[in-house]
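User: I would like to go through the labels attached to this structure and ask what each one rests on. Please set the values against the cut-offs.

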Amino acid sequence: MHAIRTALLSLFLVSAPTHANPWSEVPGPSEGTPRSIGETSAGCIDGAAALPTEGRGYVVMHLERRRNYGHPALVHAVRELGEKAAQGIGLLHVGDLGLARGGPMPFGHRSHQSGLDVDVWFDLNPGLHARADRMRSNIPAPSLLNSAARGLDYELWSDRHIRVLQAAANLPGVDRIFVNAYIKRELCRTVTGDRDWLRKIRPWYHHDDHFHMRLACPPDSPACVRQEPIPLGEGCDSSLDWWLHQHPALPSKPSEPKPALPAACRAVLADP
């Protein structure tokens, strides 16, 4: 019986099909010491913490997904950002962190697997979630792009977005933040004074209705695979031009084969 279970787990770890994903079916976090394992797009988390579904300055959306788990450092960062948002920025509508043990999700993300990623909506309206159903599942995250999707809608974009991105970038442990390239361009054009934090703001496919905050590997996680360092500079150079001119419509990222998860994730998934 043990051999059969191990074989099935190995199959799931490699393929993680959308119609049978054991990572989304576990009852809760494993009981190990918190540690992120592997890469954000091929990993898991042992001993994850749950972000409370609401707190000062934030609410979690889409509760039916049960994706409000992450490394304790990530949970702390979200709560700290909520505290900053409550000081005149607005209310954070928090999207996905990760599953209770990380790993691949059945839909929606390729990353968010090692407990170090979180999506935060750009809509900071404190009354937005008041119109939501019990699971906060019926409210979409509005895009900041104009109707042509070739620039920002300046009726929606405001200084509050700059402030929340700066606050997020300056949180301890934050490695990088992904936004739409047109948002990055607007920051490059308009931010004055301290611009050092712009280096962490990286253009990426879509990300016009939310920003994606990613932490660096925590010190307690030696099996966590670090990303390549961010290039020096503000990122307002030809690298941004590539996104805007070579890919003006900002298409979807080309699909790639799903990598196998680290062997250590097998024990995390099998933990009672």
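Analyst: A polar contact is a pair of N or O atoms within 3.5 Å, where one must be able to donate a hydrogen and the other to accept it. At the start of helix 4, a side-chain oxygen of N180 comes to within 2.9 Å of the backbone nitrogen of Y182. Note that this is a predicted model.

User: How confident is the prediction, and which stretch has pLDDT below 50?

Analyst: The mean pLDDT of the protein is 90, and 89% of its residues reach 70 or more. Residues 1-18 have pLDDT below 50, and this stretch has 22 contacts in the model beyond near neighbours in sequence. Where pLDDT is low, the predicted coordinates should not be read in detail.

User: Why is the pair of F178 and W204 called tilted?

Analyst: Ring centres must lie within 6.5 Å to pair, and planes under 30 degrees apart count as stacked, over 60 as edge-to-face and the rest as tilted. The centres of the F178 and W204 rings are 6.0 Å apart and the planes stand at 50°, so this pair is tilted. F178 lies in strand 9 and W204 in the loop between strand 10 and strand 11, 26 residues apart, and the pair links distant parts of the chain. The count of aromatic pairs is 6. Ring pairs join F178, W204, Y205, W242 and W243 into a cluster.

User: How do you know whether F178 is buried or exposed, and what is W204 counted as?

Analyst: Buried means under 20% relative accessible area, exposed over 50%, and partly exposed in between. F178 has a relative accessible area of 10%, so F178 is buried. W204 is at 30%, so W204 counts as partly exposed.

User: Where does F178 stand relative to strand 11?

Analyst: F178 is opposite H212 in strand 11. Strand 9 and strand 11 run antiparallel and are joined by 4 bridges.

User: Why is S30 called buried, and what does its side chain make a polar contact with?

Analyst: The relative accessible area of S30 is 5%, so S30 is buried. S30 sits in the loop between helix 1 and strand 1. Its side chain makes a polar contact with the side chain of D46 at 2.4 Å. A polar atom of the S30 side chain also lies 3.0 Å from the backbone nitrogen of G47. Leaving aside neighbours within four places in sequence, S30 is in contact with residues including R101, V268 and D271.

User: Which charged end sits over the ring of F107?

Analyst: The charged end of R67 does, at 4.3 Å from the ring centre.

Terms used:
Residues numbered from 1 in each chain as written. Predicted model: local features only at pLDDT ≥ 70, side-chain atom pairs only at ≥ 80, totals over all residues. Heavy atoms only, no water. Helix = DSSP H or I, 4+ residues; strand = E, 2+ residues; numbered from the N terminus. Buried < 20%, exposed > 50% of the residue type's maximum accessible area, 1.4 Å probe, protein only. Lys NZ or Arg CZ within 6 Å of the ring centre and 35° of its normal. pLDDT = per-residue confidence, 0-100. Contact = heavy atoms within 4.5 Å. Pairing = 2+ DSSP bridges.
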